[in-house]
Amino acid sequence: QLAEFQAQAQGLREREKAMRQGLDIFSIEPPANKETTSTERDLDLLSQVWDMRKEWDMNWNEWKYGRFANIDVATMETFAQTFSKRIYKAQKEAKGWKALDQLKESVDQFKKTL
């Protein structure tokens with residue numbers, strides 16, 4: 001579904017580019033399309049958030065179902081700390097996104113458990 005929206009935004013950009021050639025004939029500056037730019041930025045950020053969620057879930061499942069003797073706590077702590085920093089950076093751009101808040105809660109709970 002996200003890919004569909006990204007394709008639509010790309011289609012708008014292509015249409016904008018095609019129209020620009022016509023505007024150049026009359027030396028008209030094309031208007032800035034702030035909404036499309038904002039939407040593209042949000043779509044990219046949303047894609048990053050879901051990729052981060054998948055990455056966290058994959059690692060969490062490895063640790064959860066792995067052998068106890070093979071657990072490397074230092075690696076887990078480092079990964080959780082690095083992941084927290086990535087979440088923090090994403091939260092600066094996407095304020096109030098519940099998906100990010102829930103991911104942060106999962107990572108924070110994991111860090112407390114360690």
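Phe68, Ile71, Val73 and Leu114 make up a nonpolar patch on the surface, with about 390 Å² of accessible area together. A patch here joins residues with over 30% relative accessible area and no salt bridge, like charges within 9 Å and nonpolar side chains (Val, Leu, Ile, Met, Phe, Trp, Tyr) within 5 Å. The areas come from the Shrake-Rupley method with a 1.4 Å probe, and for residues only the protein chains shown count as cover.

This is a predicted model, in which local features need pLDDT of at least 70 and side-chain atom pairs count only at pLDDT 80 or more, while totals for chains, interfaces and linings use all residues. Residues are numbered from 1 along each chain as its sequence is written, and side-chain values use heavy atoms, with hydrogens and water left out.

Val73 counts as partly exposed, at 39% relative accessibility; buried means under 20% relative accessible area, exposed over 50%, and partly exposed in between. Val73 belongs to helix H3, residues 73-93. Helices are DSSP runs (H or I, at least four residues), numbered from the N terminus.

Which residues of H3 are buried? They are Met76, Phe79, Ala80, Phe83, Ser84, Ile87, Ala90 and Gln91. Seen down the axis of H3, these fall within an arc of 145°, so they line one face of the helix. The arc is taken from the directions from the helix axis to the C-beta atoms. On the face turned away from that buried side are the exposed residues Lys85, Tyr88, Lys89, Lys92 and Glu93. The cover over the buried residues of H3 includes helix H2 (34-65) and helix H4 (98-113), where contact means heavy atoms within 4.5 Å.

Now H4. Its buried residues are Leu100, Leu103, Val107 and Phe110. They cover an arc of only 90° around the axis, which puts them on the same side of H4. The face turned away carries the exposed residues Lys98, Glu105, Lys112 and Thr113. H2 and H3 are among what covers the buried residues of H4.

Last, the salt bridges. A salt bridge is a side-chain nitrogen of Lys or Arg within 4 Å of a carboxyl oxygen of Asp or Glu, and the count comes to seven. In one of them, Glu40 pairs with Arg13, with the closest N and O atoms 3.1 Å apart. Glu40 lies in helix H2 and Arg13 in helix H1 (residues 2-25), so the pair ties together parts that are 27 residues apart in sequence. Arg20 and Glu16 also meet in a salt bridge, at 3.7 Å from N to O. Arg13, Glu16, Arg20 and Glu40 are linked in a network of salt bridges.

Definitions and conventions: Helix = DSSP H or I, 4+ residues; strand = E, 2+ residues; numbered from the N terminus. Buried < 20%, exposed > 50% of the residue type's maximum accessible area, 1.4 Å probe, protein only.
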